[in-house]
Amino acid sequence: MWAELFETHAHATQVLHHIIPQADMEPPTRTDASYARWATLDSTVKQWIYSTISFDLLATVMEKGSTAMTTWNRIASMFEDNQNSRVVALDQDFISTRMEDFPNVSAYCQRLKHISDQLRNVGALVSDHRLVLQLVSGLTEPFRGVVTLIRQSEPLPPFLKVRSMLILEESGLAKMSGPASQTALHTSASPPRASDDSFQQRTTNRNTQGHSNYCSGSGQNHNYSGNSGKPKKKCGSRYTGSFGSSGSSTAAPPPWRPPQSASWNPWGWAPPPGWAPSP
């Protein structure tokens with residue numbers, strides 16, 4: 001990428017012959033009148049090279065008195081030597097690249113294109129046909145439908161078109177799975193209210209039934225007092241006291257126990273003459 005961008009810039013500024021030999025533009029000799037201008041341009045191109053490479057690479061290729069073309073060729077040799085070994089390593093990376101190792105389709109396609117460019121730079125040209133086949137073979141399961149469509153196409157679509165198809169498919173899958181995921185998350189996080197209401201209703205009915213049985217079911221209000229003799233609760237259609245103000249209480253009243261006293265008379269009526277309470 002750096003070489004392509006640099007060559008484009010050099011061609012636009014008409015100094016490409018300073019890094020790539022041209023048949024009709026040989027560098028002048030030191031005694032030539034145009035040498036001073038050529039040397040100025042050559043130093044400018046060399047400065048561009050020095051300012052656009054990493055510091056480690058700069059320290060490796062820098063040499064006093066070298067021309068821009070010499071520096072350019074030294075950098076090229078560092079990346080293009082041992083071509084056979086590079087081809088083997090790059091080809092292995094190319095066939096083992098899978099989409100599951102990347103966050104999206106764009107990053108996956110970019111990686112495959114980058115490796116194919118590197119293979120071309122070392123003399124192992126990757127055709128567009130092979131690039132597309134490798135691209136679709138590394139896709140994940142959600143893209144099975146579009147993979148079948150691409151493989152059955154005749155002729156095989158070019159790489160850029162396939163990339164566009166996959167990006168659109170990825171966008172459609174994201175839109176389809178988004179609301180479903182949110183609904184599933186909302187359902188799992190919020191239990192149904194119907195169950196809570198049913199449970200509350202069952203509890204209320206059970207407590208009301210127990211309270212009704214306990215209060216004789218006559219619909220009359222009776223005042224009961226405990227051991228202390230003070231009114232404690234009111235029975236009938238409603239009961240109050242320590243159990244709440246309405247019949248919707250969730251706790252049943254405790255069982256009634258008569259006090260151990262012969263003088264206890266909760267109803268207020270006078271016993272007949274000669275009547276004595278049992279012990």
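Guide: We'll take the pocket, then a helix, then some backbone details. This is a predicted model: local features need pLDDT of at least 70, side-chain atom pairs count only at pLDDT 80 or more, and totals for chains, interfaces and linings use all residues. Residues are numbered from 1 along each chain as its sequence is written, and side-chain values use heavy atoms, with hydrogens and water left out.

Visitor: What volume does the largest pocket have?

Guide: About 800 Å³. A pocket here is an open set of points on a 1 Å grid over the protein atoms alone, where a 1.4 Å probe fits, with protein on both sides within 12 Å along at least five of seven lines. The volume is the space filled by probe spheres set on the points, which are joined across faces, edges and corners.

Visitor: Which residues of the lining lie nearest its centre?

Guide: M1, W2, A3, F79 and N121. The lining of this pocket has 21 residues. Lining residues have an atom within 4 Å of a point.

Visitor: And how do they divide: nonpolar, polar, charged?

Guide: 11 nonpolar, 4 polar and 6 charged. Ala, Val, Leu, Ile, Met, Phe, Trp, Tyr, Cys and Pro count as nonpolar; Asp, Glu, Lys and Arg as charged; the others, Gly among them, as polar.

Visitor: Which helices supply at least two residues each?

Guide: α1 (2-12), α4 (68-80), α5 (83-95) and α6 (105-121). Helices are DSSP runs (H or I, at least four residues), numbered from the N terminus.

Visitor: Let's stay on α4. Which of its residues are buried?

Guide: A68, T71, W72 and I75. Buried means under 20% relative accessible area, with a 1.4 Å probe and protein chains only. They cover an arc of only 100 degrees around the axis, so they sit on the same side of α4. The arc is that of the directions from the helix axis to the C-beta atoms.

Visitor: What do they pack against?

Guide: α1, α2 (35-51) and α3 (55-61). Contact means heavy atoms within 4.5 Å.

Visitor: What about Q14?

Guide: Phi of Q14 is also positive, near 60 degrees. Q14 lies in the loop between α1 and α2 and is exposed at 67% relative accessibility.

Visitor: Which peptide bond is cis?

Guide: The one from E154 to P155, with omega near 0 degrees. P155 is in the loop between α8 (144-151) and α9 (159-189).

Technical notes:
Buried < 20%, exposed > 50% of the residue type's maximum accessible area, 1.4 Å probe, protein only.
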